[in-house]
Amino acid sequence: MGTVYLARDPVLDRPVAVKVMTAGGEDAPDQLLRFRREAQAAGGLRHPNIVTVYDVGEDAGRPYIAMEYVEGTDLEHIIRAGGYSTEWALDVLRQMCEGLAYAHRAAIVHRDVKPANNRIGASGLVKIMDFGLARVASSTMTGSGRLLGTIHYMAPEQVEGGPVDSRADVFAVGAIGYELLARRRPFQGDSLTEVMFQIVHGAADSTALPVTPYSPGLEAVILKALARDPAARHQTLEALHGELASLVQEAARVVLEPRKA
C-alpha cells in the first residue's frame, strides 16, 4: 500500500523512514483509510519494541508517515539464513510479546504480524513495524470484505473473515515461534487456497519441531498459541510471555541445581 524511503530529518539531522502511500487505482479510498489507520494506531504507541512514528502529513496530495529508521535485518531474512540459537529465538519471541501486549493494552491489534514486520537491530532489539492493518478495537470502520494480512501467519478466524481480536496476534506469534524453531512455516501448501485450508482445518506438524533444552514444554506452548479455537490459545500475550519465561527459568534451575550424592 506504499513505498518506504530512507530520508533525513533536516531539523534534527537524523535518518528517518518515510512511507508514502501509493497513489491512484480503484482501491485508493480503501488504501487511504488503511494508511490513516496506520498513523492513528502507531502514532500513539511508545514502546522500545515498536517503531516510533515521528510525523504524519501530506505532500503534493500524497499522505506520508515519517518514522524511526531502524538499522538491522528483517526477521524473515534471519530465519532464512539460520545459524541462531534457541535462546536467541526465545528472546525474539519475548520482545515481540512485550511490544504487542503493550499495543493490545492500548486497544490496538496489529493483524499482520509476520517475520518481515519485525526488524532486529545490531544489539538484538526487536522493533515491530507496519501497523498498516491494525484496527483500533473501538473502531466502527467496516472492512471491504477483502482478505487483509499475510496468509501464512493469519489465524483461522481471520482467514474466514470472522471477528478478530488480540488472540489473532497470539496465533501469529505462535506461527513465528514455530518457524524460528522448525525453520519452516507451520502451514504450507502449493497454493494460497491450500494454505488457507490447512490453517482452518489442519494442525501444525509437531514432529517438525526439534528437541531443545526446553522440550517438551516449548513445543506445547507453541502449539497452544496455534490452536484453531481462539478460546484454546493463550488469551493474552502476557500469558504467552509468562509461559516462555517459566520455561527459561526452569531450564536455568535444572542446570544450576547441584548434583545429588
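Which residue's side chain does K224 meet in a salt bridge?

## The K224 pair

The partner is E243, and the N to O distance is 3.2 Å. This pair links distant parts of the chain: K224 lies in helix 7 (residues 217-225), while E243 lies in helix 8 (residues 237-256), 19 residues apart. The model is predicted, so these contacts are computed from predicted coordinates.

K224 has a relative accessible area of 33% and is therefore partly exposed. E243 is partly exposed because its relative accessible area is 26%.

## The K127 pair

The side chains of K127 and E68 also form a salt bridge, with 3.2 Å from N to O. Distant parts of the chain are linked here: K127 belongs to strand 8 (residues 126-128) and E68 to strand 4 (residues 62-68), with the two residues 59 residues apart.

Are these two residues buried or exposed? K127 is buried, and E68 is buried as well.

## The R167 pair

R167 and D165 meet through their side chains in a salt bridge of 2.8 Å, N to O. With a relative accessible area of 29%, D165 counts as partly exposed, because that class lies between the buried limit of 20% and the exposed limit of 50%.

## Network and total

Which residues are linked with R94 in a network of salt bridges? D91 and E98 are linked with R94 in this network.

The count for the model comes to 14 salt bridges. Among them are K224 with E243, K127 with E68, and R167 with D165.

Terms used
Residues are numbered from 1 along each chain as its sequence is written. This is a predicted model: local features need pLDDT of at least 70, side-chain atom pairs count only at pLDDT 80 or more; totals for chains, interfaces and linings use all residues. Side-chain values use heavy atoms; hydrogens and water are left out. A salt bridge is a side-chain nitrogen of Lys or Arg within 4 Å of a carboxyl oxygen of Asp or Glu. Helices (H or I, at least four residues) and strands (E, at least two) are DSSP runs, numbered from the N terminus. Buried means under 20% relative accessible area, exposed over 50%, partly exposed in between (1.4 Å probe, protein chains only).
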